[in-house]
Amino acid sequence: MTGTGRNAAGGIAVIGVNYGTDHMALRFVRSAAALQPSTTATVLVDNSDGPAEREIGRQLSAEGAAALYVRAPRNLGYFCGADYGLRRYVAAHGEPDWVVVSNVDIRFDDPSCLNRLRDLDATDDVGVVAPSIWSRRSRRDLNPRMRRRPRAVAMHMYKVVFGTWVTLNAYELLSAAKHAAKYVTRHYILDRLRPAHDGGAARHLVPEVIYAPQGSCVIFSRRFFERGGSLEYPSFLFGEEVYVAETARQLGLRVICHPGIRVSHDDHSSTGLLRSRRVARFVKASARYIADRYFR
């Protein structure tokens, strides 16, 4: 375990969850190490299979990385792994003001991006912040994940769509094709027709209230936890976005999409675009849990 170096009471805890992508985990830690403000601390939770003492932990120690390396006792899943790391952090350093929960295939391209969280400190009902997540694969912003709360019939339909390995992967392929078509339309057709100075980019930088954030990088305020929110998501993987949205909704907190906080994302680095049969079982279980728990 390495020292945390820059952390202090309050501040920001950046928690990355790794499963078998050590090269990206190292890149994530190096990217997070450059973040401002100086009270930002990095936690790397290692969910990976293998020996208790893994090479990535030794490498972080050898580099003198300013990160707390936490080896999970087993693969805890995404949010529960983050919760395990957060508990270790809080036990040593107290409650942070903000908690960033992230996959390790995220990069913080702008070291000052988290400074923009200061603009929200005076807003008592902000529980969750969704940053701009630029997908390097599909060349688009993945946020907002959902602007409005979906209808119950749609959520129960997902139980059917995600109910088998075949229908799940068909859905994933169709979704990828749809986004590819949108990319071509936007960048090769509409951009040629749009006036050079239409002011659209400036309008899109305004934070907005949304329903659900994209799950690969989510920022939680201290209020989220103080009012009873938790990262202990009951399902192993997938569906975290709706879990966050519904928890914030029950706590009377808003979810804010903040385009000024920008990260980039190497999509599907650990799970792949096509789902394995094992992963498909997790998707099926999560779709059933979300629909039955929140959309009765």
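In which hand does H1 pass H2 in their crossing? The model discussed here is predicted. In it, the crossing of H1 with H2 is right-handed.

**Helix pair**

Helix H1 covers residues 22-33, and its axis comes within 11 Å of the axis of H2, with a crossing angle of roughly 30 degrees. H1 therefore counts as roughly parallel to H2, since angles under 35 degrees are placed in that class. On the H1 side, the residues that meet H2 are Asp22, Ala25, Leu26, Val29 and Arg30. Their counterparts in H2 are Ile56, Gln59, Leu60 and Glu63. By residue class, this contact of H1 with H2 is made up of 5 nonpolar, 1 polar and 3 charged residues.

**Aspartate 49**

The loop that holds aspartate 49 runs between strand S2 (40-46) and helix H2 (55-63). Aspartate 49 has a relative accessibility of 53%, so this residue counts as exposed; the cut-off for that class is over 50%. When neighbours within four places in sequence are left aside, the contacts of aspartate 49 are Tyr19, Arg54 and Arg71.

| Aspartate 49 and tyrosine 19 | Distance |
|---|---|
| C-alpha to C-alpha | 7.7 Å |
| Polar contact, side chain to side chain | 2.8 Å |

In sequence, aspartate 49 and tyrosine 19 are 30 residues apart. The polar contact that joins them is made by the side chain of aspartate 49 with the side chain of tyrosine 19.

Terms used
Residues are numbered from 1 along each chain as its sequence is written. This is a predicted model: local features need pLDDT of at least 70, side-chain atom pairs count only at pLDDT 80 or more; totals for chains, interfaces and linings use all residues. Side-chain values use heavy atoms; hydrogens and water are left out. Helices (H or I, at least four residues) and strands (E, at least two) are DSSP runs, numbered from the N terminus. Buried means under 20% relative accessible area, exposed over 50%, partly exposed in between (1.4 Å probe, protein chains only). Contact means heavy atoms within 4.5 Å. A polar contact is a pair of N or O atoms within 3.5 Å; within protein, one must be able to donate a hydrogen and the other to accept it, and residues adjacent in sequence count only if both atoms are side-chain atoms. Axes are lines fitted to C-alpha atoms, for helices over the stretch in contact, and angles run from 0 to 180 degrees between N-to-C directions. Angles under 35 degrees count as roughly parallel, over 145 as roughly antiparallel, 65 to 115 as roughly perpendicular and the rest as oblique. A crossing is left-handed if the near helix is turned anticlockwise from the far one by less than a right angle, and right-handed if clockwise. Ala, Val, Leu, Ile, Met, Phe, Trp, Tyr, Cys and Pro count as nonpolar, Asp, Glu, Lys and Arg as charged, and the others, Gly among them, as polar.
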